[in-house]
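This briefing goes through one protein model, from the overall fold to single residues. The points are grouped by topic.

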Amino acid sequence: MPRVLNINPAEVRKSGVEKFTDIPINQYNKSIKDEQGSFSNADFLRIFRDMAFIREFETMLNLIKTTNQYADVEYNYPGPAHLSVGQEASAVGQACLLDKNDFIFGSHRSHGEILAKGLSAIEKLPDDELMQVMKEFFGGSILKVVEEVAQGESTKDLAIKFLLYGALAEIFGRTTGFHKGLGGSMHAFFTPFGIYPNNAIVGGSAPIATGSALYKKANQKSGIVIANIGDGSLGCGPVWESFNFAAMDQFRELWEEGFKGGLPIIFNVFNNQYGMGGQTAGETMAYGVLARIGAGITPNQMHAERVDGYNPLAVIDAIRRKKAIIENNEGPVLLDTLTYRITGHSPSDASSYRTKEEIQAWEDQDPIAAYQKQLIGAGIGTEQDFATIWDSIKATMLKVYKLAIDEKVSPRMDLNANPNGISELMLSNQTVDRMEDRPCTTLIPKEENSRVKQIQKKARTAEVDGKPVPKARMYQLRDGLFEAIIDKFYQDPTLIAYGEDNRDWDGAFAVYKGLTESLPYHRFFNSPISEAAIAGSAVGYAMSGGRVIAELMYCDFLGRAGDEVFNQMAKWQSMSAGVLTMPLVLRVSVGSKYGAQHSQDWTSLAAHIPGLKVVFPATPYDAKGLMNSALAGTDPVIFFESQRIYDIGEMFQPDGVPEGYYKVPIGEPDVKKSGKDVTILTIGATLYRALDAAKILADKYGLSAEVIDARSIVPFNYEKVIESVQKTGRILLASDACERGSHLKDIAQNISELAFDYLDAPPVVIGARNWITPSHELESFFFPQPEWFIDAIHEKILPLDGHVVTTNYTKNELIRTQKLGV
């Protein structure tokens with residue numbers, strides 16, 4: 001909502017006609033002779049060799065999957081193998097002009113793209129740099145294996161075996177794979193060559209690659225990004241969100257000079273005609289010619305065209321032209337690369353959804369055989385030359401294959417010797433204050449920021465001299481978040497923040513008020529209402545080397561970014577075996593007053609997914625300290641905030657919230673009130689209702705409650721809670737999440753096991769009803785109230801003399817509601 005852009009009704013209501021430009025379809029028509037000025041004979045032959053390497057690599061995998069052997073050497077591989085036989089020209093043509101600074105992201109069918117990009121990088125990198133890469137990657141463990149079969153070879157030949165072996169060992173789940181076998185076939189990558197993660201989720205790479213392109217744009221890094229996705233992915237919402245995100249008008253209209261222009265990304269659709277068994281053209285899609293969809297995104301139609309992906313030179317020509325468009329800051333680009341997968345979706349696919357005649361027709365135009373014929377016709381090589389190339393490739397593949405299946409040189413992760421081998425990789429737990437050491441781009445010195453000045457005048461406690469401080473003069477929870485965030489913007493030059501209504505509107509619930517005057521657009525901007533693109537691009541930005549705060553505004557919107565949060569954000573650190581880190585904070589607020597789709601506490605969903613840190617501060621001190629910790633780390637943090645308490649003051653730190661920098665360790669609960677008779681553990685805003693309940697217990701029943709604020713949900717240190725239970729013998733747990741499936745149930749079970757000998761009663765959990773969230777006027781019937789705490793203690797933990805319950809916590813009621821599913 002930038003005030004500098006005026007929407008004039010007289011203009012937008014004018015009558016007129018929108019015109020479209022013609023879309024080029026398979027326009028490349030040059031011969032080998034025509035291209036001899038652009039390519040040497042060695043270049044032509046190398047293009048052939050690279051396609052042949054991919055074909056043999058995938059032929060090997062197909063034989064292993066279907067016959068359990070390759071070249072009469074037996075091996076059983078039960079894992080996935082989504083092959084791209086027939087698509088080799090598309091992959092090699094794309095990679096030919098790319099270098100290590102150009103990043104590619106792929107799909108579940110990306111073995112060919114990995115090999116093509118790797119072979120291209122090997123050709124371009126100097127030998128000394130290649131050797132350095134191989135020696136330094138995982139301490140040279142992959143290099144040591146391939147050196148055994150590459151003695152006396154050139155550095156580039158050694159590097160080719162390194163590439164083939166590292167990829168194959170990864171597919172076979174070996175510790176000598178590119179990420180120790182934890183990614184496998186559908187997630188392989190090798191960042192030193194600019195090969196970024198491939199993705200098992202259809203279309204999953206689109207928003208991640210968009211974020212990587214954003215990283216390059218915002219940090220002025222060289223190179224382009226290519227998102228390799230399939231035509232089947234165009235049925236996926238996150239892909240369309242990514243198209244729009246990469247093309248936002250603000251890149252041209254509002255971003256500063258030096259940062260203007262769309263994101264440097266090519267969305268390269270490997271249009272192989274099928275999404276699993278669904279035929280995209282004629283059955284599951286409606287676009288006719290895929291390249292047409294660019295017209296629905298930008299006035300320049302995303303510079304879209306269809307290119308013949310069965311001709312590597314046609315693809316090279318297209319990438320050369322599209323790369324120039326991006327280097328002129330006119331991205332994004334859409335490329336419809338027409339190709340065909342001869343094999344099925346996977347080796348178990350009998351292709352019953354297509355005819356043998358169709359497959360044969362495409363086999364008759366095999367891109368490798370056709371290209372070989374062209375080269376022979378142009379005098380570039382002879383039949384014997386190509387037979388020699390094939391023999392060399394098969395010999396190389398056999399050597400690599402034997403290494404990759406050898407348990408001695410290519411072992412699997414030994415989880416007997418080290419049962420924590422995978423768990424040690426789930427979180428990086430690093431502290432990195434700034435992701436790059438360079439000046440931060442800001443608009444004004446921090447001390448000149450109007451909100452910084454305003455906060456300096458506020459009382460940093462809720463009370464002064466025993467009297468409540470008026471809210472306008474009180475340091476609030478939202479101020480704690482702001483202080484941590486603005487401090488990091490002046491410390492880490494890579495930090496950016498975006499989400500819905502972040503800029504100009506002061507962000508949701510005024511947390512970002514004041515940031516607009518300090519930060520240029522390329523560091524702080526409004527995104528579309530595209531939660532999948534927001535979260536997914538944040539993943540790509542972080543894994544590329546930057547730090548990011550993404551905001552989804554309402555917790556309820558997590559569902560719109562489910563894959564990006566639960567499958568991408570949470571998993572890439574561990575799937576990469578620590579190669580990648582994820583310095584990302586995803587802010588979400590738990591609503592109130594807005595009903596069933598805007599007032600849910602979904603902390604338990606986030607807590608259930610391994611690989612995420614989950615925090616929920618309830619005080620200004622904790623909000624600032626936890627945000628500081630989150631922004632200093634390298635792990636993804638889902639940062640829950642309650643809309644109920646953004647304006648709360650600090651009640652627990654006698655000296656108030658410190659003006660300087662400090663961190664609250666993630667994972668450490670905090671005792672907010674000491675007691676001796678019963679422990680109450682809370683998450684989020686229920687802290688304050690627990691304190692009200694504690695007062696009732698003391699005033700009416702003479703019981704002293706110890707109240708502990710969890711602060712963090714994952715990780716969680718039980719020691720302080722167990723110490724409390726040892727003292728009180730009783731514990732009640734409360735949050736605003738629906739009681740069924742609440743993460744507090746898991747915590748309660750752990751407490752039962754850890755403190756069984758000290759408990760006088762089972763741990764009891766209270767939460768919101770298993771209903772939809774009703775209107776504000778009925779919320780007191782839905783979210784835990786102080787009286788609920790008392791009723792639950794009375795019914796399940798310790799009978800209270802004279803207490804009359806208002807909420808039914810009896811066993812019969814529990815059986816009744818569970819039977820009804822409510």
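The model is predicted. In this chain, Pro715 sits in the loop that runs between strand E21 (712-714) and helix H26 (719-728). The points below start with the backbone, move to the chain as a whole, and then take up selected residues.

**Backbone geometry**

- Most residues other than glycine have a negative phi, and most peptide bonds are trans.
- A cis peptide bond also joins Gly331 to Pro332, here with omega near 0°.
- Pro332 belongs to the loop between helix H13 (312-327) and strand E9 (333-338).
- Asn329 lies in the loop between H13 and E9 too, and has a positive phi of about 60° although it is not a glycine.
- The relative accessibility of Asn329 is 43%, so this residue counts as partly exposed.
- Ala510 is another residue other than glycine with a positive phi, near 65°.
- The loop that holds Ala510 runs between strand E12 (496-499) and helix H19 (515-518).
- Ala510 is partly exposed, at 26% relative accessibility.

**Overall shape and composition**

- The protein chain contains 29 helices and 23 strands.
- For 822 residues, a compact globule would have a radius of gyration near 28 Å, and the 30 Å of the protein chain agrees with this.
- Along the principal axes, the C-alpha atoms fill a box of roughly 100 × 70 × 50 Å.
- Of the 822 residues, 60% count as buried.
- Of the contacts between residues at least 6 apart in sequence, 77% join residues at least 24 apart.
- The accessible surface of the protein chain is about 32500 Å², and carbon and sulfur atoms account for 51% of that area.
- There are 82 positive and 102 negative side chains, and the centres of these two sets are 3 Å apart.

**Cysteines**

- A disulfide is a covalent bond between the sulfur atoms of two cysteines.
- With a cut-off of 2.5 Å between cysteine sulfur atoms, the count of disulfides in this model is zero.
- For Cys738, the closest cysteine sulfur is that of Cys555, at 11 Å, which is too far for a bond.
- Cys738 is partly exposed, with a relative accessible area of 29%.
- Cys96 is partly exposed as well, with a relative accessible area of 22%.

**Buried positions in helices**

- Helix H4 (residues 88-95) is mostly covered, and eight of its eight residues are buried.
- Ser205 is part of helix H9, which spans residues 205-219.
- The relative accessible area of Ser205 is 2%, so Ser205 is buried.
- Beyond its neighbours within four places in sequence, Ser205 is in contact with Phe105, Gly106, Pro197, Asn199 and Ala227.

**A buried glutamate in a strand**

- Glu305 is found in strand E8 (residues 305-308).
- Glu305 counts as buried because its relative accessibility is 4%, and the limit for buried is under 20%.
- Not counting residues up to four places away in sequence, Glu305 touches Ile23 and Pro24, together with Ala291, Arg321 and Lys322.
- The contacts of Glu305 also include Leu334, Leu335 and Asp336.
- Glu305 and Leu335 are 30 residues apart along the chain, yet their C-alpha atoms are separated by 5.7 Å.

- Ser40 is placed in the loop between helix H2 (32-35) and helix H3 (41-67).
- At 34% relative accessibility, Ser40 is partly exposed.
- From Ser40 to Asp72 the separation is 32 residues in sequence and 38 Å in space, C-alpha to C-alpha.

How values were computed
Residues numbered from 1 in each chain as written. Predicted model: local features only at pLDDT ≥ 70, side-chain atom pairs only at ≥ 80, totals over all residues. Heavy atoms only, no water. Helix = DSSP H or I, 4+ residues; strand = E, 2+ residues; numbered from the N terminus. Rg over C-alpha atoms; globule rule 2.2 N^0.38 Å. Buried < 20%, exposed > 50% of the residue type's maximum accessible area, 1.4 Å probe, protein only. Contact = heavy atoms within 4.5 Å. Areas by Shrake-Rupley, 256 points an atom, 1.4 Å probe, with all protein chains shown as cover. Lys, Arg positive; Asp, Glu negative; His and termini not counted. Charge placed at Lys NZ, Arg CZ, Asp CG, Glu CD.
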